[in-house]
Amino acid sequence: MTLVAGVDSSTQSCKVVVRDAKTGELVRQGRAAHPAGTEVHPSHWWTALLQAIEEAGGLDGVAAISVGGQQHGMVCLDESGNVVRDALLWNDTRSAQAATDLTAELGGPQAWAEGVGSVPVASFTVTKLRWLAEHEPDNARRTAAVCLPHDWLTWRLRGALASGVPFGVTAWEGAPVPGLDELVTDRGDASGTGYWSPATGAYRTDLLKAAFGTVPLLPRVLGPAEGVTAGAMLIGPGTGDNMAAALGVGARPGDVVVSLGTSGTVFAVAETPSADPAGLVAGFADATGRFLPLVCTLNAARVMDAAARIAGVGLDELSDLALQAPAGADGLTLVPYLEGERTPNRPTATGSLHGLTLATSTPAHLARAAIEGMLCGLADALDALALRPERVLLIGGAARSEAVRRIAPTIFGVSIAVPPPAEYVADGAAYQAATLVATPDWRSEDTSTYDGEAVPGIRERYARATGHVLD
């Protein structure tokens with residue numbers, strides 16, 4: 001049996017799966033937590049990865065590994081490969097003004113959409129680099145290379161594997177780092193920087209220089225099936241978390257995936273690049289050579305976490321409570337902008353509760369309103385894609401909630417397919433690794449289908465509460 005490993009280095013944790021390269025059978029797995037916050041020193045990701053690998057039984061027998069990771073983050077390295085400052089994560093909104101400034105300075109939304117497929121928002125790496133240049137000029141001057149979270153972990157893995165030291169948390173903790181010229185990335189994650197074009201497959205260093213003042217070294221962009229050798233193991237190009245999830249769930253053209261993790265994303269597999277000057281749809285590339293138009297909300301599963309804390313219950317009980325309240329929660333509407341919002345672009349917004357009366361002041365009504373509000377935000381995202389999906393797949397941590405599964409069709413107005421719970425980002429990374437050493441034939445398990453009558457009044461009230469006019 002030839003084994004491969006896939007990594008999901010997400011905002012909140014690191015997951016590692018080890019699977020059979022040919023069949024996809026899960027052999028073992030592990031996970032470790034990441035610290036909270038919107039800026040984190042990358043060393044925490046490395047420590048968590050080593051712990052997750054150890055919990056997964058090490059790398060014995062593994063022929064190839066790939067890393068899927070949270071998109072957009074800014075990792076700055078000096079000429080010796082040292083981290084210049086804590087990485088700013090995708091959900092750090094301090095660069096919101098930088099996004100506004102860059103959009104105006106460099107030709108407006110249309111020019112950006114045509115140039116790199118997306119209009120900058122605070123999440124994008126290019127805006128964080130502008131923020132760094134303006135607010136921490138000394139750190140900007142020390143920056144010799146810029147990479148993304150998954151790039152940095154791939155780079156550290158190359159150093160550890162190339163050292164020839166057998167895996168061990170202690171042995172690998174201080175493993176040597178390669179030269180900066182060995183940094184690599186993939187087209188999917190590169191497309192979320194704001195300075196790489198999915199349409200041309202090339203960096204836009206002119207945009208980077210305009211934003212940052214200089215052009216630091218950038219990772220080499222590998223093709224979908226292009227790996228690098230490190231010791232006796234192959235390392236895949238890796239990719240962003242959404243692109244890896246598309247691989248892991250087996251998304252195909254015509255599918256729309258709704259992912260409910262820390263953030264909420266709605267994305268489709270497309271044959272041609274997209275460019276939305278309104279800035280709602282990010283025109284990303286995917287991990288196969290195709291494209292991944294995507295709409296992202298900052299607030300998804302943690303809306304349910306917040307509601308559960310307020311109600312003083314666990315997530316399973318929150319689900320039960322939500323199903324006890326009627327559809328529409330008798331008019332109670334939650335606007336879930338708990339950490340600002342990306343779609344619509346309101347980085348300083350806060351959440352709000354509308355329609356609170358004595359009758360709706362119950363834990364059940366709150367639970368229902370929280371789930372409906374979260375899903376309404378994702379329904380707006382689905383509308384922004386302007387597609388007629390052949391299939392809508394619901395994945396992510398919050399998709400394990402029975403209430404989310406049952407309520408989703410009443411919000412989206414279509415049937416929902418829910419694959420079995422899995423670590424789809426890590427699985428997608430493992431599948432990518434498998435393509436380097438085998439011809440994988442991974443069988444998907446049957447999905448469950450959820451139907452329900454659409455309740456238009458829910459989205460109408462949500463639209464009024466958010467000030468968003470439905471078409």
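Begin with the second largest pocket of this predicted model, which holds about 820 Å³ of space. A pocket here is an open set of points on a 1 Å grid over the protein atoms alone, where a 1.4 Å probe fits, with protein on both sides within 12 Å along at least five of seven lines; lining residues have an atom within 4 Å of a point. The volume is the space filled by probe spheres set on the points, which are joined across faces, edges and corners.

Select Leu-247, Gly-248, Val-249, Gly-250 and Ser-444: of the 38 lining residues, these are the closest to the centre of the second largest pocket. Next, colour β2, β3 (26-33), α10, β22 and α15, the elements that each give two or more residues to this lining. Helices (H or I, at least four residues) and strands (E, at least two) are DSSP runs, numbered from the N terminus. The element that gives the most is α10, with five residues. By class, the lining has 19 nonpolar, nine polar and ten charged residues. Asp, Glu, Lys and Arg count as charged; Ala, Val, Leu, Ile, Met, Phe, Trp, Tyr, Cys and Pro as nonpolar; and the others, Gly among them, as polar.

Select Gln-71 next, in the loop between β5 (62-69) and β6 (75-77). Gln-71 has a relative accessible area of 3% and is therefore buried (under 20%, with a 1.4 Å probe and protein chains only). Show the side chain of Asn-242 as well: a polar contact of 2.8 Å joins it to the side chain of Gln-71. Such a contact is a pair of N or O atoms within 3.5 Å, one able to donate a hydrogen and the other to accept it; residues adjacent in sequence count only if both atoms are side-chain atoms.

Finally, select helix α4 (residues 125-135), where eight of eleven residues are buried. Among them are Leu-129 and Trp-131.

Residues are numbered from 1 along each chain as its sequence is written. Local features need pLDDT of at least 70, side-chain atom pairs count only at pLDDT 80 or more, and totals for chains, interfaces and linings use all residues, while side-chain values use heavy atoms, without hydrogens and water.

Definitions and conventions
Buried < 20%, exposed > 50% of the residue type's maximum accessible area, 1.4 Å probe, protein only.
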